[in-house]
Amino acid sequence: MFVHPSSHAFEPFKYKTLEDLKNELKRLSISLPISSITENLCEAIQSKHIIIPNRLSIQPMEGFDATLNGSPSDLTFRRYKRYAKGGVGLIWFEATAISEDCRSNDHQLVLSEDNVQNFKQLTSLIRDQCDRTLKSLGFKNRCRLILQLNHSGRYSKRKGHKYPIRTYHNDELDNAISVKREEGVIISDNELKEIEEIWINKAILAKEAGFDGVDIKACHGYLISELLSARDRKDSKYGGKSLENRSKLFLDIISLLQNKFRKDSDFLITSRVGVYDGIPYPKGFGVKRIADQKFPASIDLEEPVDLVNKLYELDVKLLNITAGNPHYVGHITRPYDVPIKGVKLPQEHPLFSAYRIIYLASVIKSLTPRDMIIIGSGYSYFRQFAGNLAAGVIQKGMADICGFGRMSFANPEFAKQIFQGKTIDKAKSCIACSKCSQFMREGKSTGCAVRDPEYRNRE
Ligand SMILES: Cc1cc2nc3c(=O)[nH]c(=O)nc-3n(C[C@H](O)[C@H](O)[C@H](O)COP(=O)(O)O)c2cc1C
């Protein structure tokens, strides 16, 4: 059981050795497995007909460096080439808008009939580079490429201005991004229904562009994820008390996609699912039904587990599990040592924040059928020790693949370093300083301002 650790105050990362880290985890009564042997990260894993060559993945990280028509730019190519040289078995491409009017930034990627060839160039180049890297590391199978498709919902922007497309009113979420109730819209049932088709068409384009699968993004407070907690959306097929209604858009899209690609068993339909956002009931998802809770609310995974099992019944056999709404509170999604400007330090130890997200994925793993492949998050905070944690987590069956977000910006060769030297290079590691998140908040192109010279002077 997850006990909320209010008794341990925030302390930044200070562990010089694996022993120091283990001792601190022990002091905090955090049960996270740390392994000194990392060979298990080299093992392949199979989802349906698709083999993923090893247990490390790049998590989706928005670069906001697309051209204005949503195509990958030179900077986008550069980011993915760096990943492809790193040795991971799976590259989960960043949030790509399903249409121009639901982007969260004018420079977000948008996949369209006009630019599908540009995406094709990107996947083909990345695939070739991945092949070379994986071969040189002794892997027999090819790297897999998944595209995350998203509708930014409440976090949409039009011509650089915030234009929230909400599924229901939540003044607190509005305040967090400084928008007023009158700005933007509440999306209607008809409009939600129309979106289904756009999503299907974009998935078809993603296949044409050379991806191995698509992620119907259902996390971090964006449209589909917001619907999961839309209890206050009244008189709607897509909201109210029942999870059936709140997950209707999500499951309808998945079901349509499975029918569409039924004959094409090599194309993966998957999702990055936010299983807990910490927002107190009734506005939160994955939280206990208790009145007057404070943030972060107690965890209750009954609905998320129900949802994940429904996805399994719809033949979804690979899921990427995450938590939090980073537009509201960042540390649930990405534990850090330094917050972005103007944000107070969390009132919990960052190792607890990291533990929470790993624990959530492990509960989902334990309560779903064995052949559901679960990808977990929250590893970058552990810096040079992240590979030891990942190996421990895989060994204990708490997840099947460990995904790295900020580490991929800072040190895209982290996987190679683990496979070759058994530990991540400390001098290249992410330091959880939130500078990449700060870039995102300011609408700039994102990258690592500490480790990557390309972004050092962009602050
Ligand atoms: C700059 C930035 C961009 C991100 N972009 C995405 C995204 O496109 N899609 C997504 O699902 N998560 C996104 N995330 C969240 C990461 O994928 C990841 O879940 C988070 O950073 C925690 O993992 P980490 O500790 O390895 O960084 C982003 C995070 C950051 C800091």
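**View 1. The pairing of strands β13 and β14 in the predicted model.** Strand β13 (residues 373-376) and strand β14 (residues 401-404) run parallel and are joined by 2 bridges, where two strands are taken to pair if DSSP finds at least two bridges between them. Helices (H or I, at least four residues) and strands (E, at least two) are DSSP runs, numbered from the N terminus. Within this pair, Ile 375 stands opposite Ile 401 of β14. This is a predicted model, in which local features need pLDDT of at least 70 and side-chain atom pairs count only at pLDDT 80 or more, whereas totals for chains, interfaces and linings use all residues. Residues are numbered from 1 along each chain as its sequence is written.

View 2. The barrel is closed and has 8 strands, in the order β3-β4-β5-β10-β11-β12-β13-β14, with parallel pairing. From one strand to the next the twist averages 25°, with axes taken as lines fitted to C-alpha atoms, for helices over the stretch in contact, and angles running from 0 to 180 degrees between N-to-C directions. Helix α10 (residues 350-366) lies across β12 (318-322) and β13, and runs at about 175° to β13.

**View 3. The shell around the ligand.** Of the 26 residues around the ligand, those that come nearest are Pro 60, Ala 95, Ser 380, Gly 405 and Arg 406; a residue is near a molecule or strand if its C-beta atom, placed from the backbone, lies within 6 Å of it. At least two residues of the shell are supplied by each of β4 (90-97), α12 (406-410) and α14 (435-441), and α14 gives the most, with 3 residues. The shell divides by class into 10 nonpolar, 11 polar and 5 charged residues, where Ala, Val, Leu, Ile, Met, Phe, Trp, Tyr, Cys and Pro count as nonpolar, Asp, Glu, Lys and Arg as charged, and the others, Gly among them, as polar.

**View 4. The packing of helices α2 and α3.** Helix α2 (residues 74-84) packs against helix α3 (residues 116-136) at an angle of about 25°, and their axes are 8 Å apart. The two helices, α2 and α3, are therefore roughly parallel to each other, a term for angles under 35 degrees, while those over 145 count as roughly antiparallel, 65 to 115 as roughly perpendicular and the rest as oblique. From α2, Phe 77, Tyr 80, Lys 81 and Ala 84 meet Leu 122, Leu 125, Ile 126, Gln 129, Cys 130 and Thr 133 in α3, two residues being in contact if their C-beta atoms, placed from the backbone, lie within 7 Å. By class, the residues of this contact of α2 with α3 are 7 nonpolar, 2 polar and 1 charged.

View 5. Tyr 281 and Pro 282 are joined by a cis peptide bond with omega about 10°, and Pro 282 is found in the loop between β11 (268-274) and α9 (302-313). The peptide bond from Phe 295 to Pro 296 is also cis, with omega near -10°, and Pro 296 has its place in the loop between β11 and α9. Although Ser 178 is not a glycine, this residue has a positive phi of about 55°; Ser 178 lies in the loop between α4 (171-176) and β9 (185-186).
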